[in-house]
Amino acid sequence: MANLNRRNFLRISATAGAGALFMPSTAASLVNKASETDKIETRKLGKTGIELPILSMGVMRADNPNLLRAAYRSGIVHFDTAHGYQNGKNETLVGDFFKDKPRNSFVVATKAKARYPYPENIEEEFTEMLKTSLNRLQMDYVDIFYLHAVGDSKEILDERMLNILKKFKSEGKACHIGFSTHANKPELIDAAIQSGVFEVILLSYNFKLKNLQETDDAIARGAAAGIGFVAMKTMTGGVEDAEGKKKINAQACLKWAWQNKHITTIIPGFTNYDELDECLAAAQQPALNTPEKEYLAGLSKQEMLYCQNCRQCIDQCKEKLPIPDIMRAYMYTYGYKYPALSKETLSELQLPDTICSSCNGCTINCPSNFNISQKIAAITPVLKVSNDFLA
């Protein structure tokens, strides 16, 4: 796999201007000859029959088709989007880019979030969401369809939802089904095994996890049952400080996650060519070196932006607010520098206009030392900002 930087990208883009279309392996040769050490490892995605490079692309924040082109030509074949990203524009971006590409040259995943407890019309509602996603993507099917942002095992063991997902697969609208989650991962993985239905799990996974051993053990059980695992949030918010001022060493974070051989691939949300180049460099030499190990060890006890989603805060909160989701929205603005996604996340929560009004002072004790009330006050005003002013 050739190393891709902006200079090389401009060169291959100029070639593309003549109207040439290339499969990823062909396009990579345009950059330079790949040596054996440049080739990116591939891993099997559970029992799906899909084999992927360990590096994929989370398209979530991307808005430039040229970035998808650069990723595709560098050898990345798996692209992850969702029904709600950028109010649907993200799926449209993916669909417009891939509409003239050979369908067997890429693997697309999308996600849809369902309200829980599920309403009576959940089948109609969820089916319409998938139909809309496929229309945006200009595809007859997606390779992976995820039930998005699951937090409780009841959501994935609900017979109505299981039947809906199985129907999507039997109708050929989704080749494989799964769910994405930021919370309760060991419990959810065991529930997925119990269901016998879910084939892929997209989960937050990084060196800051406080229940790492428990999570790794559950992942191993899932892998033994044939479930494939895709990792997200590997960079703990993209910064190494609570203020969001210092960019994290992305290569070290990616390499750390790849040490778990049950993680098939990672979907970093790079938004420019330099970040893509950094991810490719890590994938070409995925072994952690000593300085990188020392770097991550130095951050292990430091407060950062990544919420553990332990949910201890919810029981402490007088208003029972979905604080982990609010903290994730905070991370999107102060870590990812993407307030539009924060607003999108907060809007889904249907927060009360009088949030925190019943409290004289916040008494929540966060295990990660987050100042909860301060972060809520800093991020919720984004709900009142016009989308025109959000990047």
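Author: Eight strands make up an open sheet, running in the order S3-S4-S5-S6-S7-S8-S9-S10 with parallel pairing. Strands here are DSSP E runs of at least two residues, helices are H or I runs of at least four, and both are numbered from the N terminus; two strands count as paired if DSSP finds at least two bridges between them. At the edges you'll find S3 (57-58) and S10 (263-266), each pairing on one side only.

A quick word on the source: this is a predicted model, where local features need pLDDT of at least 70 and side-chain atom pairs count only at pLDDT 80 or more, while totals for chains, interfaces and linings use all residues. Residues are numbered from 1 along each chain as its sequence is written, and side-chain values use heavy atoms, with hydrogens and water left out.

Now zoom in on S6 (residues 142-150) and S7 (residues 174-181): they run parallel and are joined by six bridges. Look for leucine 147, which has phenylalanine 179 of S7 opposite.

Next, follow S9 (228-232) towards helix H10 (250-258): the loop between them holds lysine 247. Leaving aside residues up to four places away in sequence, lysine 247 touches Gly238, Val239, Glu240, Glu275 and Glu278, where contact means heavy atoms within 4.5 Å. As for lysine 343, it lies 96 residues from lysine 247 in sequence, and their C-alpha atoms are 22 Å apart in space.
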